[in-house]
Amino acid sequence: MVRAVRGWVVAVAGGVLLFGCYLGVSAETDPGRQLPYFASGGLGGLALVFLGSALLIADQIDAASKGRGRLDRQVDELHTLIVAAASAPVSSVPAAATEPAAGSHDDGSLFAVPAGRTYHRRTCEMITSKPAQPVDPDQIAARGLTPCTICEPKIDA
């Protein structure tokens, strides 16, 4: 933040010098008398504008690197959570969650979520916790549903 303020101050000072150079040069018609204005105000003003711009760019680079550091920490935390979840013992999963529910055998019927764009088999994991409803081939065609890429349901002819 301090670097950005310094950058703006230096750039504005350079702009003031450039404006002073312009006023001095425009008031003189003799090129010999314009040269001191150009040398002191013009070149100095340009140097200050470039220095101020460099300070502003450096401040932006620092801000971006701090943001990237935060993102790296979040990715590391997520990786740690994924590794912990993957290495969790299988016995901690309740037996009811691994066994299909009563009446959920795959009898060839097709299901779709009311606002969904795909249709699924009854046992598809993509619709286990969603309010899926049975659909027939006519409804599938009318709604323009596509088959699920996970369970790959087939429409019986």
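The following legends describe close-up views of one predicted model.

In this predicted model, local features need pLDDT of at least 70, side-chain atom pairs count only at pLDDT 80 or more, and totals for chains, interfaces and linings use all residues. Residues are numbered from 1 along each chain as its sequence is written, and side-chain values use heavy atoms, with hydrogens and water left out.

**View 1. The elements of the chain.** The chain holds 4 helices and 4 strands; these are DSSP runs numbered from the N terminus, helices being H or I of at least four residues and strands E of at least two. Read from the N terminus, their order is α-α-α-β-β-β-α-β.

**View 2. The open sheet.** Four strands form an open sheet with mixed pairing, in the order β3-β1-β2-β4; two strands pair if DSSP finds at least two bridges between them. Because β3 (133-135) and β4 (146-147) each have a single partner strand, they stand at the edges, and one side of each lacks a neighbour in the sheet.

**View 3. The pairing of β1 with β2.** Strand β1 (residues 110-112) runs antiparallel to strand β2 (residues 118-121), and 2 bridges join them. L110 has R121 in β2 as its bridge partner.

View 4. L18 lies in helix α1 (residues 2-27). Its relative accessibility is 30%, so L18 counts as partly exposed (between buried, under 20% relative accessible area, and exposed, over 50%, with a 1.4 Å probe and protein chains only). Beyond its neighbours within four places in sequence, L18 is in contact (heavy atoms within 4.5 Å) with G41, G42, G45, L46 and V49. The C-alpha atoms of L18 and S40 are 9.3 Å apart in space, and the two residues are 22 residues apart in sequence.
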